[in-house]
Amino acid sequence: MTRRTTLITGATQGMGRGLALDLAARGGTVLLHGRDRRRLDKVAAEVQAAAPETTVRTYLADLADLDEVHAMADRIRAAEPRLDGVINNAVAGGGAEPLRREVSRQGHELRFAVNHLAPYALTRALLPLLTASAPARVVNVASIGQEAIDFDNVMLERDYEGLRAYCRSKLALIMATFHLADELAGTGVTVNTLHPAHLMDTDGVRAYGLTPVIGIEEGVRPTVRLLLDPDLATTTGRYFDRFTDTRAHAQAYDTGARERLMKLTHTLIDRDVQTG
C-alpha cells in the first residue's frame, strides 16, 4: 500500500471524510478534493494528524462548474507522479427544497451535473495518469435509488423533484461506469460502481428530511473493498449493492440508451471545455 495514490472527491464530510481517514491509515498518498477551502484544510489537517506517515494533498474545485473540474484534473496531472485509484464520492443529494430546480454554472440540471457529468469528465481527464499507473481502479459511488432517464426531459425542465433528479443522475453515473469499463478493457484500469449503504448518517440524508439509520463506516467498508480487494483486481463494469455483485436498473443494460446518454454527455462536456 505504501506507494498507492488515491483521489477522493467530496472528502470534507460524510463518507468522503471516512474514506480519507481509512485510506490514510493504510499509508501512501491521499488526495482530498473539496469545494470549500476552509473545510478542506480542516479535514486534511485531521487526516494528517491521524496518519503522520501518510502524504496528504488537497485539490479545490466546485464540481458544479465543469471548467473547475477540468482545471483540477490539469493540476493533478501536472503535480502527481502516479494515480492508483479514484473514488468519485462527491454528491448533490435531493436537496433541502426538493421542488426548487437548480442548475450548474454551465446551465445543466445540478444533480445531473455534479453526480454524472463531473465524475465522468474528471475520470476521462485523468485517464492518461491512471493508465500510466496501471493497475488502477475507479470506484463510482452510486445509489440503490435509480430511475430511468427520460431523454426528452433529461434536465428535468418539466416535473422536477429533487429525489427524482438524484435517482436519474445516479443511474446516469452507473451507465457511464459500464461504458467506460468497456472502453478501458485490457488497459489495467477497472471501473466499478456501488450503492455503499442505505441512509447513512450524512448531511445530505438529513437535508432531504430523511432519518439516518447507520453510520458512515458501513459505507466506507464496501467502497474500500472495491478499491483494494485483490480478488477484484480484474473485476470491471459491475454494480454492487454493498458487497454483492448485482444488477442495476434495467436501463443501465440497454445499449441504445447507454449510447444515447454517452453521446449527450460528450456533447455537453466537450462543448463546455471549448466554450468555458
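1. The model is predicted, so local features need pLDDT of at least 70 and side-chain atom pairs count only at pLDDT 80 or more, while totals for chains, interfaces and linings use all residues. Residues are numbered from 1 along each chain as its sequence is written, and side-chain values use heavy atoms, without hydrogens and water.

2. Eight strands form an open sheet with mixed pairing, in the order β3-β2-β1-β4-β5-β6-β7-β8. Strands (E, at least two residues) and helices (H or I, at least four) are DSSP runs, numbered from the N terminus; two strands pair if DSSP finds at least two bridges between them. At the edges stand β3 (55–60) and β8, each with a single partner strand, so one side of each has no neighbour in the sheet.

3. Strand β2 (residues 29–34) pairs with β3 in the parallel sense over six bridges. H33 has Y59 in β3 as its bridge partner. Helix α5 packs on the sheet and touches β5 (136–141), β6 (189–195) and β7 (239–241) (contact means heavy atoms within 4.5 Å).

4. A search of the whole structure finds one aromatic pair. F178 and Y253 are tilted, 5.4 Å centre to centre with 35 degrees between the planes (ring centres of Phe, Tyr or Trp, its six-membered ring, within 6.5 Å; planes under 30 degrees apart are stacked, over 60 edge-to-face, the rest tilted). F178 lies in helix α5 (residues 162–183) and Y253 in the loop between β8 (244–246) and α8 (255–275), 75 residues apart.

Terms used
Axes fitted to C-alpha atoms, helices over the stretch in contact; angles between N-to-C directions.
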